[in-house]
Amino acid sequence: MSSDPAPLLRCRQITKRFGALVANDAIDFDVRAGEVHAIVGENGAGKSTFMNVLYGVLQSDAGVIERDGLPIRFANCAEAIRAGIGMVFQHYLLVERFSVAENVMLNRERTRSGFVDREADEGIVADIAARYRFNLDPRAAVETLGVGARQQVELLKVLEREPQIVILDEPTASLSPFEIDGLFDVVRRLRSQGRGVIFITHKLKEVMAIADRVTVLRRGKVVGRVQTHATNESELAAMMVGRAHVAADDSRPQTPARNVVLRATGVTVKSDSGRSAISELSLVLRSGEVVGVAGVEGNGQTELVEALYGLRPCDAGSIALSDADVTSAPTTERRRRGLRYIAADRQREGLVLDFDAVENMLLGDQRLGTNAVALNLAQGQRRADEVASVFDIARYDRKAAMRTYSGGTQQKFLVGREANDETRVVIAFAPTRGVDIGAAQAIYRRLRDLQTRGAGILLFSYDLDEIRALADRILVMSGGRIAGELSLEAADDTTLGRLMGGSAA
Amino acid sequence: MKAGRVLAAVGPLVGVLVASVLVILVAKANPMAALGALVQGSFGSVQSVAETFAQSTVLLFAALGVAVAFRAGLFNIGAEGQLVVGALCAAVAGAALHLPKALEVPICFAAGALGGAVFGLLAGWLKARFGASEVITTIMLNYVAYLGANYLVAGPLRGSVSAPETAQIVPAAMLHPIVPLTRLTAAFPFAIVVAACVWWWLGRTIAGYELRILGRSERAARYAGIHVPAVIMRTMALSGALAGLGGASDVLGMLHRFNAELSPGYGFTAIAAALLAGSNPLLAIITSVFFGALQNGALSMQAIAGVPKDLISVIVGLVIVYVAINRFGMRAALHGPPSDDLVTRDEPLAEATT
């Protein structure tokens with residue numbers, strides 16, 4: 001490998017912390033001329049943080065970036081751009097009312113005697129657009145364009161500066177298959193021009209189709225780097241979600257599974273965009289068991305959870321808690337029947353960060369008491385005190401805003417509230433994501449207690465470690481269906497990867 | 001109430017004071033004399049204090065209405081219109097009904113509250129049903145209220161030959177001064193009781209709790225099983241009812257009849273009072289009295305120091321500017337501090353901000 005020229009960009013030991021969380025942990029990475037290097041990982045794996053470091057949005061706490069073999073530091077994006085790096089963000093940054101040319105040339109307008117030379121700008125943009133075979137009218141207003149065309153405008157903004165390195169952050173997230181093909185043509189063209197392309201995604205099919213090399217990030221670390229021709233989707237999926245390295249749980253209760261506490265039959269649900277997200281999905285959860293739902297993000301997990309919890313209407317099928325049909329019951333009614341939900345996004349869904357611990361402990365249960373008027377602050381206080389002592393929460397103060405606690409402590413409060421004596425079924429969505437090991441163990445213990453008392457736990461996670469640590473059996477979701485069910489023993493990486501990749505069981 | 005919040009409410013006042021001195025200097029008057037006259041006129045004697053409280057009464061009701069909406073994340077610019085509708089309803093009830101005072105007064109207040117509530121509910125329904133921004137609809141409904149009331153008192157409801165006004169309310173509906181030679185009536189202590197009730201309701205009842213959850217996070221509200229459209233409508237009705245009480249207190253306590261010009265912009269000053277109070281109903285008492293004092297002292301300032309009383313409008317405007325840039329500014333009052341999505345969108349937010 002010594003004959004290789006220096007890579008266009010090389011990072012050594014990049015580390016970025018946010019408080020106690022290490023978002024990027026000693027990441028080594030490089031991209032060479034004429035190469036497409038994909039970075040894959042689940043949400044929260046640290047991909048975007050890393051990109052923001054590369055693009056100068058964030059500054060790393062440790063580590064070195066080298067450009068053509070020379071060390072360099074970016075204090076801001078402008079410096080990264082000057083160093084020949086261009087980035088297309090996942091969320092487009094366009095001025096709706098401006099034309100394509102105005103957006104592309106924004107802040108770089110050609111001028112003639114102090115006035116913007118619109119025709120010159122339009123000419124430049126038309127030239128680059130033609131070079132990449134974009135079918136774009138430079139004079140069209142961005143607000144009239146579709147998603148694919150908007151992305152081309154974003155690409156033009158970057159390409160107009162002739163960057164040597166192009167970063168594409170989840171570029172296919174909202175594109176149709178046809179538009180994805182068009183994007184891939186552009187990426188191939190960039191590669192043939194000798195530029196380096198960094199392609200961030202969590203869609204493995206695309207990685208296999210377009211990338212030369214893949215780096216897999218997980219929990220802020222590089223867990224694998226492979227040539228695409230030497231790997232396959234299943235192997236990548238297994239790498240992404242991790243191998244079981246957490247010590248096997250010693251106290252797995254051996255309660256025989258009993259009566260059904262949650263049953264979904266033929267549930268069909270649409271996503272926000274009106275497309276079918278889940279089709280005819282059925283599952284059964286029994287008292288005293290933990291069922292893990294594995295799968296790559298975006299395969300209908302969120303929609304399923306919302307349907308089960310009463311936030312998204314079912315177009316077909318039925319949902320029952322114990323023996324009661326709750327298909328069209330509101331969330332409060334389902335909670336009354338013992339359904340609880342450990343929300344995926346604790347800060348926006350599960351907690352109100354400006355409220356104190358006491359008020360947060362009443363969230364969702366506010367109408368379950370006997371008093372229909374007064375807020376039962378005494379109950380909130382009892383529960384907050386109980387959670388604080390069971391979870392051993394440091395610097396506990398009833399009146400302190402939830403915002404003032406660390407993310408791990410916030411999660412303890414959330415789990416403590418949702419997993420209690422009244423819980424018969426709990427849907428736990430990535431309950432230990434982003435928390436430290438100590439907090440994760442305390443959360444596992446709480447869920448185990450719940451299981452021992454006969455509640456059913458439906459555990460959704462993108463992290464196989466988490467599922468393996470808790471689940472008795474594993475359902476794999478793919479494309480809005482259950483692709484297969486595995487016992488814990490049968491759930492090896494290959495099988496799981498194959499099911500998550502969309503192959504039938 | 002924490003000391004920090006009190007300080008945050010008082011801090012801007014000091015800033016405004018400094019700015020006011022500069023404004024007075026520009027008007028070529030002696031700032032000490034002018035401010036002295038202002039303070040003397042608003043707090044210098046029992047009568048002037050009483051008059052200050054009288055001037056604060058309508059403002060306080062309206063400010064409570066605005067504050068309640070703020071707490072639910074709703075920006076009710078329509079307190080002015082709701083107040084006008086409430087005043088008209090109270091005036092009509094007060095002129096039409098002939099009941100004993102113990103019934104007449106509460107019924108007139110209830111009529112005012114009901115009128116304001118229905119008018120507020122209209123904006124709430126438009127938002128809940130069609131997603132129409134309450135900022136736009138309440139601004140527009142202000143014109144509907146003002147011009148509609150103008151038409152009614154000029155035509156169907158005209159009760160006076162000399163001016164476009166309703167008939168005078170019956171004596172049983174009138175509130176009488178509790179300090180002689182002033183316009184201070186029982187409406188002011190009533191407003192304070194209402195403020196305390198609103199404070200209690202927000203903090204200690206399930207309905208108030210749900211309203212506050214919605215104000216902090218609509219998603220959290222949905223996940224807590226709250227029917228968001230219902231809370232929006234309920235909140236706007238309550239907000240309008242409080243403003244409507246203000247209109248009723250103006251008619252019953254001060255004017256004894258309705259004309260469409262009765263409000264000198266109470267509903268808008270109320271927004272400033274609510275913002276300055278950080279939407280806290282108890283602090284709103286203080287901020288409403290502050291603005292009431294400014295209005296009341298302005299006349300003395302004009303008479304004694306020769307500073308035009310319209311300068312007070314400039315000072316009120318300064319307070320609003322100050323509040324807008326303060327941490328209790330509109331963004332904070334409505335949505336909490338801005339988040340930096342660009343940096344943290346891939347990472348759990350807590351870890352990124354701790």
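Let's start with strand 9 of chain A, residues 165-169: five bridges join this strand to strand 10 of chain A, and the two run parallel. One pairing to look at there is A:L168, which stands opposite A:F199 in strand 10. Keep in mind that this is a predicted model.

Stay with strand 10 of chain A. Strand 3, residues 35-40 of chain A, is also joined to strand 10, by six bridges, and again they run parallel. Here A:H37 has A:I198 as its bridge partner.

Buried or exposed: what are the residues of strand 10 of chain A? Six of its six residues, 196-201, are buried, so the strand is mostly covered. In a regular strand, side chains alternate between the two faces of the sheet. In strand 10 of chain A, A:G196, A:I198 and A:I200 point one way. A:V197, A:F199 and A:T201 point the other way. All of them are buried.

Next, the open sheet in chain A. It has four strands, in the order 2-1-4-5, with antiparallel pairing. Which strands are at the edges? Strand 2, residues 21-31, and strand 5, residues 70-72, each pair on one side only. Neighbouring strands in this sheet are turned by 30° against each other on average, ignoring direction.

Zoom in on strand 5 of chain A. Three bridges pair it with strand 4, residues 62-67 of chain A, in the antiparallel sense. Within that pairing, A:I72 of strand 5 stands opposite A:I65.

Helix 1 of chain A, residues 47-54, lies across strand 1, strand 2 and strand 4 of that chain. Against strand 1 of chain A, residues 9-18, helix 1 runs at about 120°.

Now salt bridges. The count over all chains is 47. Take A:R12 and A:E66, whose side chains meet at 3.0 Å, N to O. A:R12 lies in strand 1 of chain A and A:E66 in strand 4 of chain A, so the pair ties together parts 54 residues apart in sequence. A:R12 is partly exposed, at 36% relative accessible area. A:E66 is buried, at 13%.

Another pair is A:E96 with A:R150, at 2.7 Å, N to O. A:E96 lies in the loop between strand 6 and helix 3 of chain A, and A:R150 in helix 5 of chain A, so this pair also ties together parts 54 residues apart in sequence. A:E96 counts as partly exposed at 35% relative accessibility. A:R150 is buried, at 18%.

A:R32 and A:D30 form a salt bridge as well, at 3.7 Å, N to O. A:R32 is partly exposed at 28% relative accessibility, and A:D30 is buried at 9%. There is also a network: A:R335, A:R340, A:D365, A:R383, A:R417, A:E418 and A:E422 are linked by salt bridges.

On to chain B. It has 16 helices and zero strands. Of its 354 residues, 56% count as buried. Among contacts in chain B with a separation of 6 or more, 75% come from residues 24 or more positions apart. The accessible surface of chain B is about 14,400 Å², and 70% of that belongs to carbon and sulfur atoms.

Last stop: helix 6 of chain B, residues 134-154, which holds B:L147. B:E134 is buried, at 6% relative accessible area. Leaving out residues up to four places away in sequence, B:E134 touches B:G73, B:L74, B:F75 and B:K127.

Technical notes:
Residues numbered from 1 in each chain as written. Chains lettered and ligands numbered in written order. Predicted model: local features only at pLDDT ≥ 70, side-chain atom pairs only at ≥ 80, totals over all residues. Heavy atoms only, no water. Pairing = 2+ DSSP bridges. Axes fitted to C-alpha atoms, helices over the stretch in contact; angles between N-to-C directions. Contact = heavy atoms within 4.5 Å. Buried < 20%, exposed > 50% of the residue type's maximum accessible area, 1.4 Å probe, protein only. Areas by Shrake-Rupley, 256 points an atom, 1.4 Å probe, with all protein chains shown as cover. Salt bridge = Lys/Arg side-chain N within 4 Å of Asp/Glu carboxyl O.
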